[in-house]
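The sequence and the coordinates are shown first.

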Amino acid sequence: MKYIYHPPKTEKAPVLLLLHGTGGSEQDLIELGRELHPDAGRLSVRGQEIENGMPRYFKRLAPGVFDLDNLTMRTEELYQFIQTAREEHAFQTNPLIAVGYSNGANIAGSLMYDFPEALAGAVLFHPMVPRRDKQPTHLSGKDVWIGAGTNDPMCPAEETKDLTSYLQQAGAEVDVFWTNQGHQLSMAEVEAAKNWLSGRSF
């Protein structure tokens, strides 16, 4: 996998797993990660699937319709990559917090479904429910922040409400921040996520 790694500035600071949206790259969220948590490490990963020339983390059959077999495979692949990166870059004891936007938020959600031990928490900008054929489990002690749009054409409000409910039922603590900026990542969301992270002790 193509990725960028910047180590944390302090011994116990978290590492942010940065996951871009469709068409992005491992460069996209580096500055966002620095803004969200200046002391955190950053592990930014490029998606391995290509859709019309644009990198993604997993295939979809149509807008909003995910290829679940591919999602399962790519989620496990990302999990294995994380395990290897932890060893290679020696951040095994640092909390890993996913920061994902759109497609990146969706695979972060899938990680929480399939490998709850992989992440200490997550910041999800405009996520959908990653899959509806099963629900997550064993998320007690996990903190999740969700940025959502009341008028998001790609991620209806019901997706946010359902995902919040599923994560809470699995034991996660979930905070949702609503804007009316459609699907775009707004500065209001960034500030809200930064404030949320500053109040957490992962």
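Which residue just after α2 takes a positive phi? A90 does, with a phi of about 55°.

The model is predicted, so local features need pLDDT of at least 70 and side-chain atom pairs count only at pLDDT 80 or more, whereas totals for chains, interfaces and linings use all residues. Residues are numbered from 1 along each chain as its sequence is written, and side-chain values use heavy atoms, with hydrogens and water left out.

**Helix α2**

Helices (H or I, at least four residues) and strands (E, at least two) are DSSP runs, numbered from the N terminus. Helix α2 covers residues 68-88. Its 21 residues should span 30 Å at 1.5 Å a residue, and the end C-alpha atoms are 30 Å apart, which agrees; the expected span is 1.5 Å times one less than the number of residues. At the N-terminal end, D67 caps α2 through a side-chain oxygen 3.3 Å from the backbone nitrogen of D69.

Several α2 residues are buried, among them L71, L78, F81 and I82; buried means under 20% relative accessible area, exposed over 50%, and partly exposed in between (1.4 Å probe, protein chains only). The buried residues of α2 pack against β1, β2, β3, β4, β8 and α3, where contact means heavy atoms within 4.5 Å.

**The sheet**

Seven strands form an open sheet with mixed pairing, in the order β1-β3-β2-β8-β9-β10-β11. The edge strands, β1 and β11 (173-179), each pair on one side only. From one strand to the next, the twist averages 15°. Two strands pair if DSSP finds at least two bridges between them. β8 and β9 (residues 121-125) pair in the parallel sense over five bridges, and I97 stands opposite G121 in β9.

Two helices pack on this sheet. α2 touches β1, β2, β3 and β8, and its direction makes about 140° with that of β3. α3 touches β2, β8, β9 and β10, and its direction makes about 140° with that of β8. Axes are lines fitted to C-alpha atoms, for helices over the stretch in contact, and angles run from 0 to 180 degrees between N-to-C directions.

**Nonpolar cores**

A nonpolar core is a set of buried Ala, Val, Leu, Ile, Met, Phe, Trp, Tyr and Cys residues joined through side-chain atoms within 4.5 Å. The largest core has 42 residues, of which L17, L43, L111 and V144 touch the most other members. Elements giving two or more residues to this core include α2, α3 and α4 (157-169). L111 touches L17, T75, L78, Y79, I82, P116, A118 and L119, not counting residues up to four places away in sequence. A second, separate core of 19 residues includes I4, I30, A192 and W196.

D143 lies in strand β10 (residues 143-149), and E26 lies in the loop between β2 and α1 (30-36). D143 counts as buried because its relative accessibility is 19%; E26 is buried with a relative accessible area of 9%. Each makes a side-chain polar contact, listed below; a polar contact is a pair of N or O atoms within 3.5 Å, and within protein one must be able to donate a hydrogen and the other to accept it, while residues adjacent in sequence count only if both atoms are side-chain atoms.

| Residue | Partner | Polar contact |
|---|---|---|
| D143 | R200 | 3.2 Å |
| E26 | R46 | 2.7 Å |

Not counting residues up to four places away in sequence, D143 touches residues including G121, E173, W196 and R200. On that basis, E26 touches K2, Y3, I4, H20, S44, V45 and R46.
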